[in-house]
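Subject: Handing over a structure

Hi,

Have a look at the model first, then read on.

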Amino acid sequence: MLKFAANISFLWKDLALPNRVRAAAAAGFDAVEVLFPYDTPAPELKRALDQTGLPLALINCPPPNYTGGERGFAAVPGQEDRFRTDFRRALRYAQALGAGHLHVMSGPAEGSEAETCLIANLQWACDFAPDHSLTIEPINPHDMPGYFLNDFDQAARVIDAVDRANLGLQFDAYHAQRITGDALACWAAHGHRARHVQIADHPGRHEPGSGEIDFPSFFAALVADGYDGWISAEYAPAADVEAGLGWLAEVARG
Ligand SMILES: O=C(O)C(=O)[C@H](O)CO
Ligand SMILES: [Mg+2]
């Protein structure tokens, strides 16, 4: 059975973070994910998670100093010490909250030197946290210009080169559609590496069903392929969050 998480960095933005967890539980989600939870004291978030019983599926690394700054350092040559410091702090936060995955952001870079740097940093991180699941996510270059990891073949190459059991692909159907033009074909090629899935339709990055991605077929492919990880709703609601949740009942749960 497919399991759905609410990305509460995108959903219920008008509420305080702990109350977004409560809203996600009330709306029927099975988990939440938070991109950058670091401005909220971990015990406050933990209390809401414990009260609702919702697990935290994922957080992003790096932690603080992100706002207005770079989107990670993992692929930036010369920033290895910064990467390691950030990673240790993010890991402590992830452990305090019981976060399932830690999404390691590569940052702004290009070229083969950056790829070598990313591979070495990920090997270090995987070995530093052998019991923690790490993910990398290709992000389309229109939304995040200059971000290093912007292609699924590139991500596959990096994952294979890192060669650690605790690193996997974060497959965002919206980015897959925007990068390749065919999210389903992209899933067919790369889904076997996926540890975590995120969804939004394209164009617009709104609710599934609002754009061109065939989500019933996408969900059917996940089931057929035995995908048993989280599917996180990482979209900008077209209007009210609850009013846009029809897809959860109708499309995803049949
Ligand atoms: O932009 C996305 O799709 C993500 O999942 C990143 O984590 C953004 O920070
Ligand atoms: Mg995403």
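Let's start with strand 3: Leu-58 and Asn-60 point one way from it, Ile-59 and Cys-61 point the other way, and all are buried. Buried here means that 20 or more other C-beta atoms lie within 10 Å of a residue's own; exposed means 12 or fewer, partly exposed is in between, and the C-beta atoms are placed from the backbone. Helices (H or I, at least four residues) and strands (E, at least two) are DSSP runs, numbered from the N terminus.

Before going further, some housekeeping. This is a predicted model, where local features need pLDDT of at least 70 and side-chain atom pairs count only at pLDDT 80 or more, while totals for chains, interfaces and linings use all residues. Residues are numbered from 1 along each chain as its sequence is written, and chains are lettered from A and ligands numbered from 1 in the order in which they are written.

For angles in general, axes are lines fitted to C-alpha atoms (for helices, over the stretch in contact), and the values run from 0 to 180 degrees between N-to-C directions. Two strands count as paired if DSSP finds at least two bridges between them.

Some of the pairings in detail:
- Strand 3 and strand 4 run parallel and are joined by four bridges; Leu-58 has His-101 as its bridge partner in strand 4.
- Strand 6 pairs with strand 7 in the parallel sense, over four bridges, and Leu-169 stands opposite Ala-194 of strand 7.
- Strand 7 (residues 194-199) and strand 8 (residues 230-233) also run parallel, joined by three bridges; Gln-198 has Ser-232 of strand 8 as its bridge partner.

Contact means that the C-beta atoms of two residues, placed from the backbone, lie within 7 Å.

Is strand 7 largely enclosed or left open by the rest of the structure? Largely enclosed, because five of its six residues are buried.

Glu-80 lies in helix 3 and counts as partly exposed, because it has 15 C-beta neighbours inside 10 Å. From Glu-80 to Ala-194 it is 114 residues in sequence and 26 Å in space, C-alpha to C-alpha.

Helix pairs

Helix 4 (residues 112-128) and helix 5 have axes that come within 9 Å and cross at roughly 50 degrees. They are therefore oblique to each other; angles under 35 degrees count as roughly parallel, over 145 as roughly antiparallel, 65 to 115 as roughly perpendicular and the rest as oblique. On the helix 4 side, the contact is made by Glu-115, Leu-118, Ile-119, Leu-122, Gln-123 and Cys-126, and on the helix 5 side by Val-158, Ala-161 and Val-162.

The axes of helix 7 (residues 183-190) and helix 8 (residues 215-224) come within 10 Å and cross at roughly 10 degrees. That makes the two helices roughly parallel. Ala-183, Leu-184 and Trp-187 of helix 7 meet Ser-217, Phe-218 and Ala-221 of helix 8 there.

Most residues other than glycine have a negative phi, and most peptide bonds are trans. Here are some exceptions:
- Cys-61 and Pro-62 are joined by a cis peptide bond, with omega about 25 degrees; Pro-62 is in the loop between strand 3 and helix 3.
- His-202 to Pro-203 is also a cis peptide bond, with omega near 0 degrees, and Pro-203 lies in the loop between strand 7 and helix 8.
- Arg-205, in that loop between strand 7 and helix 8, has a positive phi near 55 degrees.
- Trp-12 is not a glycine, yet has a positive phi of about 60 degrees. Trp-12 is buried, with 21 other C-beta atoms within 10 Å.

Cheers
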